[in-house]
Structure formats: C-alpha cells, structure tokens
Amino acid sequence: MESHLTIDDVAKCTGLTAHTLRYYERVGLIAPIGRAPGGQRRYVASDMAWIEFLLRLRTTHMPIGKMQAFAKLRGVGDATVPDRRRMLEDHLTEVLSEIELMRRSADALQAKIEYYRSVEQSLASNSLSDEGHADEHRKPIRARTRQTA
C-alpha cells in the first residue's frame, strides 16, 4: 500500500509552505492532489517526485510561466516528450551560460580580494616601518591661525 502524506508533511519535506503547495496546484504546476474522505490533500510518491523536480527547476531560475508550460505538456502525456526534452535542453543551455558568467564573476571577485589583501599587507608593513620614526616623507599640516584686528 502506498503511503500518503499530508500537506504539512510535504511542506516539512520540501521547505515549501502549505500556501505555496496550494498555489502550485491552483496555477497548474501540480496536478490536482488526491483527497482523503474529509477533503484533506493526500500526496503520494509520484507527487513528491514531481514537486522535487519543480524545486530543481525553481533552483535553476526557470520562470514560473515556463514551469507551467512544462507542467501542461507533462499533463498531456507521452506525445509531448520531444517538446519537454527540447524545453529542458534550452533551459539547460541557459543555466550553463549563467554558471559560466557566475564563474567569471567569482574569478573577478577572487582577484579583487587578493588585490585588497596585498594592499592590506603593504599598508601593514608600511605602518610597522613607520613606528617610532618621524614622518619626514609626509607634508606638514599647517595650523590655521586666527587673524586679530
């Protein structure tokens, strides 16, 4: 016998709120969920697998409209497998491009961090060498004097 999870169980397992789960069902991301005699939603393993996949799509920043289009195709059945594959291939291309941009940005951040570390070390070593010595290399600060009449 297949186990059934309540909406609270699914919320705990997925990190989604019960409100979000109901919203996903209302907008067609999740097919209508089976109900217990009292009307409470009862999620089965296949529902959980689909929700986990939706979370993967969300993590990759797939817009909800595209997720809805994918879910609609899925609901039609196997005749849409080629369309779903193409959608995922296109999305994967976008994801990999974004990953490459993020990698480049991370490299730039790392280079800037290393630059600041070297500046800090330079400042620290200059500060240590200046201790106890007059600052002949710095311009003197002129004191302002008040002119009296």
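## The nonpolar core

Let's start inside the protein. The largest nonpolar core of this predicted model has 21 residues. Such a core is a set of buried Ala, Val, Leu, Ile, Met, Phe, Trp, Tyr and Cys residues joined through side-chain atoms within 4.5 Å. Buried means under 20% relative accessible area, exposed means over 50%, and partly exposed is in between (1.4 Å probe, protein chains only). In soluble globular proteins, nonpolar side chains tend to be buried together.

The residues with the most contacts inside this core are L21, I30, Y43, I51 and L54. At least two core residues come from each of α1 (7-14), α2 (18-26), α3 (45-59) and α4 (64-76). The helix that gives the most is α3, with six residues. Leaving aside residues up to four places away in sequence, Y43 touches S3, H4, L5, T6, I7, V10, L21, I33 and I51. A contact like this means heavy atoms within 4.5 Å.

## The chain as a whole

Helices (H or I, at least four residues) and strands (E, at least two) are DSSP runs, numbered from the N terminus.

Of the 149 residues in the chain, 22% are buried. Among contacts with a separation of 6 or more, 47% are between residues 24 or more positions apart. The chain exposes about 11700 Å², and carbon and sulfur atoms supply 56% of that area. Accessible areas come from the Shrake-Rupley method with a 1.4 Å probe; for residues, only the protein chains shown count as cover.

## A loop residue to look at

Find H61 in the loop between α3 and α4. Its phi is near 65°, a positive value in a residue other than glycine. Most residues other than glycine have a negative phi. H61 is exposed, with a relative accessible area of 67%.

## Salt bridges

How many salt bridges does a search of the whole structure find? The search finds nine. A salt bridge is a side-chain nitrogen of Lys or Arg within 4 Å of a carboxyl oxygen of Asp or Glu.

One of them joins the side chains of R41 and E25 (2.6 Å, N to O). Because R41 lies in the loop between α2 and α3 and E25 in helix α2, the pair ties together parts that are 16 residues apart in sequence. R41 is buried, at 18% relative accessible area, and E25 is buried too, at 13%.

## Along helix α5

Helix α5 covers residues 81-130. In this helix, R103 and E100 lie three residues apart, about one turn, and form a salt bridge whose closest N and O atoms are 2.6 Å apart. R103 is partly exposed at 41%, as is E100 at 29%. A network of salt bridges links E100, R103, R104 and D107. E114 and R117 are also three residues apart in α5, about one helical turn, and their salt bridge has its closest N and O atoms 2.9 Å apart.

The residues L92, L96 and I99 make a nonpolar surface patch of about 290 Å², and I99 is in helix α5. Patches are made of residues with over 30% relative accessible area and no salt bridge: like charges are joined within 9 Å, nonpolar side chains (Val, Leu, Ile, Met, Phe, Trp, Tyr) within 5 Å.

## How to read the values

Residues are numbered from 1 along each chain as its sequence is written, and side-chain values use heavy atoms, with hydrogens and water left out. As this is a predicted model, local features need pLDDT of at least 70 and side-chain atom pairs count only at pLDDT 80 or more, while totals for chains, interfaces and linings use all residues.
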